[in-house]
Amino acid sequence: MLTDLTIHELGARFRQNDATPTEAAREYLDRIAALDPKVKAYLTVTAEAALARAAEADARFKTGAPLGPLDGVPLGLKDVLCTRGVRTTAGSKILEGFVPPYDATVVARLARAGAVILGKLNMDEFAMGSSTENSGYFATRNPWDLSRVPGGSSGGSAAAVAADLAAATLGTDTGGSIRQPAAFCGTVGLKPTYGRVSRYGLIAFASSLDQIGPFAKDVEDAALMLQAIAGHDPMDSTSAAVPVPDYAAGLGQGVEGLKVGIPAEYFIEGLDPEVETAVRAAIEILKGLGAKTESVSLPHTEYGLAAYYVIGPAEASSNLARYDGVKYGLRVPGARDLIDMYSRTRGAGFGAEVKRRVMLGTYALSAGYYDAYYGKAQKVRTLVQRDFQKAFERVDVIVAPTTPSAAFRTGEKEDPLSMYLNDVFTIPVNLAGLPGVSVPAGFTKGGLPVGLQVIGKAFDEAAVLRTAKAYEGATEWHKKKPELGA
Amino acid sequence: MPEPKITMREVEQVARLARLALSDAEKERMRRELDGILSYIDKLRALDTEGVPPTSHAVPMTNVMREDEPVPSLPQADMLANAPDRSGDFFRVPKIIEE
Amino acid sequence: MSGEYEVVIGLEVHAQLLTRTKMFCGCPTAFGAPPNTQTCPVCQGMPGSLPVINRRAVEFGIKTALAIGCTVNADNRFARKHYYYPDMPKNYQISQYEEPLAVHGHLDVEVGGAARRIGIERLHLEEDVGKLIHEGNLETAQSSQVDFNRAGLPLMEIVSKPDMRATEEAGAYLRALRAIVVYLGVCDGNMEEGSLRCDANISLRKRGAAELGTKVEIKNMNSFRNVQHALEHEIKRQARALDAGERIVQETRLWDPDKGHTVSMRSKEFAHDYRYFPEPDLPPLDVEARWVEAVRATLPELPAARRARFMEIHALNAYDADLLTGSRVLADYFEAAVAQCGKPKAAANWIINELLRELPGDDERAVAACPVPPGNLASLITLIEDGTISGKIAKDVFEKMYRSGEDARSIVSREGLTQVADVSALGSVVDQVLTEHAKVVQDYKAGKKAALGFLVGQVMKLTAGKASPGVVNSLLVEKLSKL
């Protein structure tokens, strides 16, 4: 089935005229129709547009002039990315009917690469969450066990790749929202360096932390996706004017002589023994491939979570102030006056987690509290960054677990704090703005995927991908697929 | 019993600042949850950050600017298309009362 | 106002910058477009939009900062200022807070002959808000309409120190500041249209007291006149309240120009909690010395310096120099005219007495569009100086020049207005007048010197004003002496 294939395998078929983009799009759309009622990854399926784009790609392959590796490839987009003319909700009721009049830069770049967009994927509301249970619409299921969560906030993006409902997808990562669901769903998930990919058109959650990145079936696909979206954008003042290397080129370099750091603070009491076992086995494999491992210390790791839960909500409370019923989205009717309209609209349109974080963030920025909370958290952020800088003086990459446990059951984590603890290994990487990937590293006895995280220096996605690729090459985890029927 | 990190009055004040209408049940729940979260965040206080500069941008950059060249605006229809209450060429909002 | 109180005034001026595009996006800034047609996802605050700083706005800020003696902060950054209002697309304004573009400048103004230095606290950049149209007025409107065309326009905010002690000083400061921004070409200084706005903070304290009184913010003063009236009114209001033993409430009051009083808008006692924090979407600015010096090199001669130079080099008095430097275009006009005719005093008189009757001198646009270019005025003056026409005739010629745009020489030659100075031609007219007004001649001979004026007038009448008054005068005196 074409839907089993990776991007690079599909591309080869297209170029050999063995298959057409329309056939691939049709297969994916059929599979979505058959299986998505179970997985619930998609919020919006754009079948007509997808087939139209696929037909255009068909023509290009026929004349032997394809646009590149993504031409004709069916992809899904997290519903936090603005797509012109296509409903974009950020997983929230407050944007229920919102149709952006413009494309996010990454969406435009994918279109220029000839990609075929299948639809918009479910997520935790405004990217706040670690399970996709906070979606204003419905919860997405983990394809490996439908009674469990796919992770979040990019749960739909991860589940879609795991269930072969898209060849690859884009998600976003602010505190782990790509890497954690990738680990839970057994896919590759890459968070680039902050500033590597343009945020223009990304519905903002935490401006200094958000990054867009791919979910993919293997590391090579992730590299191809990153290649298409990375690069400076004049519309995003925080996007870096750093040249984009050829990510695919260095992939096969291997890890001979590569210095790999193992952070002591990531192997703590709360770490599930099965996860630990899988990660340690992965480290052994890397050693077997020639990597040199050494212990590193990231002493401020435990403070990262606390700092993140000040900075993230503070920036979010500001970014979400615009959702007020005036220009777009929901407006609750029957308000007495403007303030009543604002409060009722936001009260009705935002879910519980979003309200919690908006309250927390507003509090942290309010008069008298700024220094103690936001000011303090930004200083702790510096300390977390310095930890990584020091470690990277000695090693090239850092390898660690992605999450403290495998996917938990729907409804299991009701207490917000216990939900927040899911991100303890991913958050410091966002605070430091570094690139990180999660790759499949095995399964628990219960058949749930476990992820291995590789963290690199700023703008050194090449080293991260190369390490991930070497590990992947020595394992078969990524080839396993969940049993979903159809 | 440790002092609550946030009082009900503060919850109401913050809700007003944030323009969020909360039911009484929501307010109580919010107070409890925020209390828990703020207690957790308090561990930051233990950290000595004397002389440590704050980081507001993960990757240091300065002077990102653009030239003063006009770019076509989006058509009025596009910009008004999502308006919850449109009045001709304008967005309409309900009665404004100064607080 | 009773001499018991001292008034303390600070002014906050917002100047809309004359850039082609908005502060954080490429939408045009041109005035008068239909509502919501000059917007984009950025200035409308759509989900996913991001700001990008307009370099020219920063340059204008630097230029102004240098002109008012400020120190430019090399490290400065933008911050978010939060409050909810329908004209604020994001419900926060991107402004500057702890690290503004420039600080600590001053303006020297002259009030009643005395020079005063007014300190300037800071200058920073921010974005403007949209326009709200209330159905009726704000108090009674059931709904309002929003137009975001103006949202995102670049604004420069200049905050003075509370150094002003009289409403006249406030007026002088505002005028001087306006002249500077207009001279620099960074703002068109139009208070009525809202491109220059002024808010005041005013408090009273007992003379000799060290502590400041409670300050009240006054808004909606949209002309120099209104600023002065509003402040005068507020001083009276506060003095009355203090005299009655009342406490002044810290609040914002709106000036109502029709009713001539201020109305309380909202209590500043529970001040807005703006929740400022550094703008995460914008990297900080590092304004290098090189850039500052490059901008400094583009500074034109500023109004005060130009005024002083006019007084010194062209021997003008303060009043005339003030009027002529009222706008850069007018000052340029004066200098262009002088360059051609070499007669600064005459040029000053003609501009002040005749030209400024036709158009306002501080309206750059009107002066630039004047139908009498400086060269034409200069040649008119030359025609008077070389005796071709009389001063009286010249006034008529000027009128015609203004209406038609023609130059002086063409009008004079076409209408035969050349002054007659020929002694033999005038001699016969003088003789005629002396004959016709024998009685007046006798009055003159009897010692009534004023009768000469009458006789000169009669000659002028008979020559339709073309006679050279000087020649007529001397001819009359000579002939009368012989009678």
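Tutor: What follows describes the interface from its overall extent down to individual pairs.

This is a predicted model, in which local features need pLDDT of at least 70 and side-chain atom pairs count only at pLDDT 80 or more, while totals for chains, interfaces and linings use all residues. Residues are numbered from 1 along each chain as its sequence is written, chains are lettered from A and ligands numbered from 1 in the order in which they are written, and side-chain values use heavy atoms, with hydrogens and water left out.

In chain B, 33 residues are in contact with 55 residues of chain C (heavy atoms within 4.5 Å). The two chains bury about 3,800 Å² between them, 54% of it on carbon and sulfur atoms (accessible area, 1.4 Å probe, lost on being put together and summed over both parts).

Three salt bridges are counted between chain B and chain C (a side-chain nitrogen of Lys or Arg within 4 Å of a carboxyl oxygen of Asp or Glu). B:Glu69 forms a salt bridge with C:Arg20, with 3.3 Å between the closest N and O atoms.

On the side of chain B that touches chain C, strand E1 (65-66), helix H3 (76-80) and strand E3 (90-94) each supply at least two residues; helices (H or I, at least four residues) and strands (E, at least two) are DSSP runs, numbered from the N terminus. E3(B) gives the most to this side, with five residues.

E3(B) also pairs with strand E10 (residues 143-147) of chain C in the antiparallel sense, over four bridges (pairing requires at least two DSSP bridges between two strands). Within E10(C), C:Val146 is the bridge partner of B:Phe91.
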